[in-house]
Amino acid sequence: MGHDAHRVPRPAGAAGAAGSGDDALDHEVEEVIAAVLTASRMLVGVSARALGRTAPSLTLPQLRALVVLDGRGPVKLAALADVLGVNPSTALRMVDRLEAAGSVTRQANPGNRREVVLSLTDRGRGLVAQVLADRHAEIATIVSRLPAARRAGLVEALRALTDAADEPPVAPRPAPPPEPSAP
């Protein structure tokens, strides 16, 4: 089933090629929003499946916290809460659970004993690596179904979207080595 099969039909009289002005621009914006929401739903599903296969007891918000710690190194609780867009008490409860699971450690900040610095444990780093590798593999399968010309346009569009959101880029990973063939 191609992309066009999933396109929501335009209502009769909706702005299109013959439309002009603000109506056409508004419709175009709504089409972009609908496409981004659909892609977002698909990507959340990919993440949830990868998490379910790797660490079923871990939630998506907890995984996000681990990924932030993995990418930024040791951080203060307030900084983690800020990046996650939650209040510090919510971040603290999340860290409590992650620490109990052996994924995060807390230490007093040597420069200010009232501050707590959070770090990933080896177990936490391993979880992040496993989930991201699983997610990478599923996304690679999906992307491989796209013709090369569509991939180039997708890269440009997604970079524009993530730039607009001030989301830091993820470095491309080399393809994993092929699995050994069965004897």
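**Questions on the model**

Biologist: Does Asp 166 count as buried or exposed?

Modeller: The scale calls a residue buried under 20% relative accessible area, exposed over 50% and partly exposed in between, with a 1.4 Å probe and protein chains only. Asp 166 has a relative accessibility of 67%, so Asp 166 counts as exposed.

Biologist: What should I know about the model before reading on?

Modeller: It is a predicted model, in which local features need pLDDT of at least 70 and side-chain atom pairs count only at pLDDT 80 or more, while totals for chains, interfaces and linings use all residues. Residues are numbered from 1 along each chain as its sequence is written, and side-chain values use heavy atoms, with hydrogens and water left out.

Biologist: What is the phi of Asp 166?

Modeller: Most residues other than glycine have a negative phi. Asp 166, found in the segment after helix 6, is not a glycine, yet its phi is positive, at about 55°.

Biologist: In what order do the elements of the chain run?

Modeller: Helices (H or I, at least four residues) and strands (E, at least two) are DSSP runs, numbered from the N terminus. The chain has 6 helices and 3 strands. From the N terminus on, they run α-α-β-α-α-β-β-α-α.

Biologist: What share of the residues of the chain counts as buried?

Modeller: The chain has 183 residues. The share of them that counts as buried is 20%.

Biologist: Is Gln 62 buried or exposed, and which residues does it touch?

Modeller: Gln 62 lies in helix 2, residues 60-72. Its relative accessibility is 8%, so Gln 62 counts as buried. Contact means heavy atoms within 4.5 Å. Leaving out residues up to four places away in sequence, Gln 62 touches Ser 57, Met 94, Arg 97 and Leu 98.

Biologist: Which element gives the largest share of the nonpolar patch?

Modeller: Patches are made of residues with over 30% relative accessible area and no salt bridge, where like charges are joined within 9 Å and nonpolar side chains (Val, Leu, Ile, Met, Phe, Trp, Tyr) within 5 Å. Val 32, Val 36, Leu 154, Leu 158 and Leu 161 form the nonpolar patch. Helix 1 and helix 6 (148-164) each give two or more residues to the patch. The largest share, 3 residues, comes from helix 6.

Biologist: How many salt bridges does a search of the whole structure find?

Modeller: A salt bridge is a side-chain nitrogen of Lys or Arg within 4 Å of a carboxyl oxygen of Asp or Glu. Arg 106 and Glu 99 make one of them, at 2.8 Å from N to O. In the whole structure, the search finds 7.

Biologist: How far apart are the closest N and O atoms of Asp 134 and Arg 53?

Modeller: Arg 53 is partly exposed, at 48%, and Asp 134 is also partly exposed, at 21%. Their side chains form a salt bridge, with the closest N and O atoms at 2.5 Å.

Biologist: Which residues are linked in a network of salt bridges?

Modeller: Arg 53 also meets Glu 138 in a salt bridge at 3.0 Å. This pair joins helix 1 and helix 5 across 85 residues. The network links Arg 49, Arg 53, Asp 134 and Glu 138.

Methods
Areas by Shrake-Rupley, 256 points an atom, 1.4 Å probe, with all protein chains shown as cover.
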